[in-house]
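Trainee: I've got a new model open and I'd like to learn how to read it piece by piece. Can we walk through it together?

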2 protein chains.
Amino acid sequence: MKALKERILKDGRCLAGGILKVDKFINHQMDPILMKSMAVEFVRRFANKKINKILTIEASGIAPAILVGYLLELPVVFAKKRKPSTMNDMFVTEVFSFTKNKSYTVCVSKEFLQPGDKVLFIDDFLANGNAAKGMIDLVQQAGAELLGMGFLVEKAFQNGGEELRKTGIQVESLAIIESLDNCEIKIR
Amino acid sequence: MKALKERILKDGRCLAGGILKVDKFINHQMDPILMKSMAVEFVRRFANKKINKILTIEASGIAPAILVGYLLELPVVFAKKRKPSTMNDMFVTEVFSFTKNKSYTVCVSKEFLQPGDKVLFIDDFLANGNAAKGMIDLVQQAGAELLGMGFLVEKAFQNGGEELRKTGIQVESLAIIESLDNCEIKIR
């Protein structure tokens with residue numbers, strides 16, 4: 001998606017260790033106009049799928065997901081990164097974060113992910129794909145069906161995208177980063 | 001706001017200890033159509049304020065905040081509940097959570113909250129107002145100005161609303177819960 005790629009080249013910053021900082025417009029300060037354009041692009045790419053629910057994971061996935069849900073007039077569920085004290089009956093999975101070098105628990109209430117649900121998962125980043133694999137697990141536990149996964153930014157030099165596409169699920173990334181070698185941002 | 005009050009009476013649930021569960025449409029599963037209507041109502045209520053930035057706090061504040069930012073075409077910043085490893089120069093404050101009975105750190109990069117910024121803070125709940133007071137502190141540290149605070153749901157039987165209004169900042173809540181005594185939801 002052209003507008004996003006241009007914005008990454010303009011405002012993205014590369015840190016040591018293959019980190020792409022997009023906190024000027026995606027995951028700390030957010031540009032709602034760009035965010036809405038990206039949501040429209042997801043609607044276009046998943047136009048042939050009969051979706052009835054958007055799933056995301058807190059916190060940076062919420063903004064693009066709510067805008068996709070708004071456009072499609074569908075409920076949006078965000079998975080929580082720890083068990084809320086007021087939630088009992090839920091699906092739980094473990095996600096390993098390379099960035100933080102530790103595992104965390106992700107959960108969704110059984111009330112909001114049910115057999116027969118046709119789910120589109122939306123998130124900001126696809127790198128190793130661990131959060132996405134956790135979502136696949138939650139959707140399977142629920143007996144629901146995952147029809148697509150949409151990411152704002154994919155790092156092609158990590159293996160998440162390749163692994164997810166092998167499952168046969170439609171995976172769409174709006175900008176694919178080929179490499180961050182020598183702190184130079186190369187976009188496919 | 002009528003649509004929100006009706007939805008709370010229809011889908012809200014009261015738990016022991018003065019807890020109002022709205023996870024069917026606000027803070028776990030979200031209704032994007034209602035969320036957009038609430039954002040429009042905030043735009044109306046703060047129409048006389050010259051705002052240049054929306055501030056919120058992860059995670060449940062992000063959805064209403066991004067929609068307000070989208071309508072007003074303004075950047076939206078969400079404060080983070082722990083210090084990201086890739087963020088250095090930031091404003092930090094402590095917030096005590098009654099629900100979880102512990103304090104947590106909230107931070108915003110100095111890049112995204114600056115002197116002269118005219119800020120509207122948006123969040124889902126106003127109870128004791130501790131998160132809101134933390135945001136007042138962050139805005140003051142930045143030398144920015146807080147022009148308004150908008151909440152989806154306020155619990156009038158806790159003292160946050162009263163304390164915030166004493167500061168002179170315009171505080172708007174779209175539904176005000178008078179009491180949850182005997183697990184009956186009473187709305188003003």
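Trainee: How many residues lie between β6(A) and β7(A) in their hairpin, and which residue in the turn has a positive phi?

Mentor: First, keep in mind that this is a predicted model. Now the hairpin: 4 residues separate β6(A) from β7(A), and A:N101 in the turn has a positive phi of about 55°.

Trainee: And how many bridges join the two strands?

Mentor: To read a strand pair, look at the bridges and the direction. Strand β6 (residues 90-97) and strand β7 (residues 102-109) of chain A run antiparallel, with 8 bridges joining them.

Trainee: Let's zoom out. How do I judge whether chain A is compact?

Mentor: Start with its make-up, then turn to its size. Chain A contains 5 helices and 11 strands. Its radius of gyration is 16 Å, close to the 16 Å from the globule rule for 188 residues, so chain A is as compact as a globular protein of that length. The C-alpha trace spans about 45 × 35 × 30 Å along its principal axes, and 45% of the chain's 188 residues count as buried.

Trainee: What share of the contacts comes from residues 24 or more positions apart?

Mentor: In chain A, that share is 61%, counting contacts with a separation of 6 or more.

Trainee: Which strand of chain B is joined to β5(A) by bridges?

Mentor: That's strand β3 (residues 29-30) of chain B, which runs antiparallel to β5(A) and is joined to it by 2 bridges. Within this pairing, A:V76 stands opposite B:M30 in β3(B).

Trainee: Last one: which residues have the most contacts inside the largest nonpolar core?

Mentor: Look for A:I66 and B:I66, in a core of 114 residues. Leaving out residues up to four places away in sequence, A:I66 touches A:V76 in its own chain, plus B:M30, B:P32, B:M35, B:A63, B:I66 and B:L67.

Technical notes. Residues are numbered from 1 along each chain as its sequence is written. Chains are lettered from A and ligands numbered from 1 in the order in which they are written. This is a predicted model: local features need pLDDT of at least 70, side-chain atom pairs count only at pLDDT 80 or more; totals for chains, interfaces and linings use all residues. Two strands pair if DSSP finds at least two bridges between them. A nonpolar core is a set of buried Ala, Val, Leu, Ile, Met, Phe, Trp, Tyr and Cys residues joined through C-beta atoms within 7 Å. A residue is buried if 20 or more other C-beta atoms lie within 10 Å of its own, exposed if 12 or fewer, and partly exposed in between; C-beta atoms are placed from the backbone. Two residues are in contact if their C-beta atoms, placed from the backbone, lie within 7 Å. The radius of gyration is taken over C-alpha atoms; the globule rule is 2.2 Å times the number of residues to the power 0.38.
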